[in-house]
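Here are my notes for a colleague opening this entry. Please read them beside the model.

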Amino acid sequence: MPRNLLEVRSLRVLYKVHRGDVKAVDNVDLSVREGEILGVVGESGSGKSTLALAILRLLPKTARIANGHIYYKGEVDLAHSPENKLKEVRWKEISLIPQAALNALNPTLKIVDHFLETARAHGVHDRKWVIERASKLLSLLRLEPDRVLKSYPHELSGGMKQRVLIALAMLLEPTMLILDEPTTALDVLTQRFILDLLKDLHAKTNITMMFITHDIAVIADIADRMAVMYAGKVMEVGDVYTVFKEPKHPYSIALMKSIPSLTGSVEEMRSIPGTLPDLVNPPPGCRFWPRCPHAMDICKKEEPPTVELKPGHLVSCWLHARR
Amino acid sequence: MSSEPPLMEVRNLRVYYPVRKGIFGGVAYVKAVDGVDLVLNKGDIFTLVGESGCGKTTLGKTIVGLVRPTGGEILYKGKNILKLSKREYLEYRRNVQIIHQDPFSSLNPTKTVFQTLSFPLKRWGIARSRRDLIEKVSELLSLVGLEPPEDFLFKYPHQLSGGQRQRVVVARAISVNPELIMADEPITMIDVSLRIGILDLLLDLQKRFNTAYLFITHDFGAARYFAAKGGGLIAVMYLGKIVEVGPAEDVIHDPLHPYTKVLMSAVPVPDPELSRKKKLLKLKSLDIPSPMNPPPGCRFNTRCPFSKPKCEKEEPPLVEVRKKHWAACWLYTS
Ligand SMILES: Nc1ncnc2c1ncn2[C@@H]1O[C@H](COP(=O)(O)OP(=O)(O)OP(=O)(O)O)[C@@H](O)[C@H]1O
Ligand SMILES: Nc1ncnc2c1ncn2[C@@H]1O[C@H](COP(=O)(O)OP(=O)(O)O)[C@@H](O)[C@H]1O
Ligand code: SF4
Ligand code: SF4
Ligand SMILES: [Mg+2]
Ligand SMILES: [Mg+2]
């Protein structure tokens, strides 16, 4: 089995707001294996972006890591590393393409300058090397390097900008990419193109990816393994074939039924009753109990343990706990 | 056969937006809608899908009277909406309601749910006294699943979740018993797990009050769900034109037009085996031509994997290829 490149252990991330603390990521355990595509799926507000930002310690000032560890290559604990250590990891080891990054390209800088700036900020000053590497990556992503490097961001379509961001993230040859909703803002055909490119890129470079999305169908299409998040918690983890075929967590089951998709019978699709919990005052016990059709007394009091049903298939739910 | 004219009929509708070309250049036109025909009867569901910028919103807004057409006709119960008398125009505006995409900006943040919902009731004389208003608003809130109503009457939008706000927007739209609701991406901003709930709510109104819908979305799964459950049609738009229209499951599972085929082959499905096995129909080009000068002949010919010489010269007509299933493509006509 490939080794774990990244191990998130008991991670807790809080945002300070006037009413108290938003428990955006709460006691999360999750590993990313070397060379895999790990899909992280969850509804809006489930903590996906917070998790991504925490891994690279790019959280806003109002947030803090209240507990836990983020081990990279089994050695460094990113949760407790000083800024200079983090600088060595960001972009060179792990690159993040943040959510809504499409609008984050500086409109006054040509694409080539984005590459040069990024390299410079990380101590790489060899202009020729940067341009060569950028051109190679852009061609790999099926863009014309000469034209694109000379363009300003507004001269590129959404799909082209997304590819530029992927190339930019790969500039310094990182071991791992974190992509936060990379296809959400794109049209169906552009999304398909980017998904196929990423698969192709993965096959060619074996780069490790953490792919975040709220769209469960996208996970089915691209990921090797998946983690289902709900209200700041990881509910279920497993390889995609297992989780899609036999989802075990009541939330995963309900989520899959709630997606109006092109396959399956429309008669079997239904929404999940109730609404997402308030993360300042989350329900005690299992965070899904107010909406869960199987909720028992214990669910309302105690947090469910995580059990391994089959090797690599983890579920946090009292229904599956051996008591 | 009834001789009553359809609720809404659109004939050869065109909507062009003028844009300046450079400083000295003249005016060019974005052909957002360029020759659309459709008919909607009471209780009908008509779902429009297509890529961003293909003209869905423009078509919807024009039908409900928010955008002035450049050419063609929009008939409300057989009468051109631009030629209605004042009374008829008021009736049309009342009977055709709108639900916008964004439940956050479509409610006034300084008004309570009660104030928001009372306004149309007072305006159209449906209820006047405070007692009647409270009763009627409470009824509406129950109808859209905001229960118990007392808990919601005096809340402000910021005290509601996105799904709850969209329910208030739906309540406002149905408060005047409209015959047609134009819903433009009504679930796009809603949490995934709550989307079907909103769609079911709209479908329930169709069943109970025979409300017709013009439903706009870029999400093919949502289009399928809404049209299939409501027994309606899906229409696929491309560069201002409807290129295919038919019963929901036929369009989704057995599309006729090459553009629809390409789209269906590209949409990921929540099944790892199926999604990876899907054979993508490759386009000649990913770039959508500018709606300012769409390609001559069939507008899809610059990207269509099946195009032939004729496609570059002549525009294919929309023809009924199978029962109630229409497509505009030279593969099906000569
Ligand atoms: N007020 C306007 N002035 C000029 N052009 C416009 C205006 N509104 C829309 N357009 C253009 O008309 C075309 C159709 O736009 P429309 O908003 O109808 O598309 P849509 O199918 O609803 O797209 P989306 O899925 O992104 O909402 C686009 O090219 C758009 O840029
Ligand atoms: N800067 C912030 N300040 C306060 N709360 C925040 C901030 N960013 C995110 N949150 C809250 O943290 C939770 C998780 O958010 P996020 O990680 O963005 O979720 P996702 O990416 O899954 O949509 C949500 O309740 C969200 O409202
Ligand atoms: S722990 Fe209880 S409430 Fe939570 S998902 Fe399992 S059965 Fe439902
Ligand atoms: S008319 Fe020709 S170009 Fe247009 S969709 Fe049909 S085959 Fe393709
Ligand atoms: Mg996010
Ligand atoms: Mg639109």
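**Notes on the predicted model**

1. Helix α1 (residues 48–55) of chain A lies across β1, β2 and β4 of chain A. The helix runs at about 115 degrees to β1(A). Axes are lines fitted to C-alpha atoms, for helices over the stretch in contact, and angles run from 0 to 180 degrees between N-to-C directions. Contact means heavy atoms within 4.5 Å. Helices (H or I, at least four residues) and strands (E, at least two) are DSSP runs, numbered from the N terminus.

2. This is a predicted model: local features need pLDDT of at least 70, side-chain atom pairs count only at pLDDT 80 or more, and totals for chains, interfaces and linings use all residues. Residues are numbered from 1 along each chain as its sequence is written, chains are lettered from A and ligands numbered from 1 in the order in which they are written, and side-chain values use heavy atoms, without hydrogens and water.

3. In chain A, four strands form an open sheet in the order β2-β1-β4-β5, with antiparallel pairing. Its edge strands, β2 (20–33) and β5 (76–77) of chain A, each pair on one side only. Pairing takes at least two DSSP bridges between two strands. Strands β1 (residues 4–17) and β4 (residues 63–72) of chain A are joined by eight bridges. A:Tyr15 stands opposite A:Ala63 in β4(A).

4. Chain A puts 44 residues in contact with 41 residues of chain B. One salt bridge is found across this interface. A salt bridge needs a side-chain nitrogen of Lys or Arg within 4 Å of a carboxyl oxygen of Asp or Glu. A:Lys245 and B:Glu273 meet in a salt bridge at 4.0 Å, N to O.
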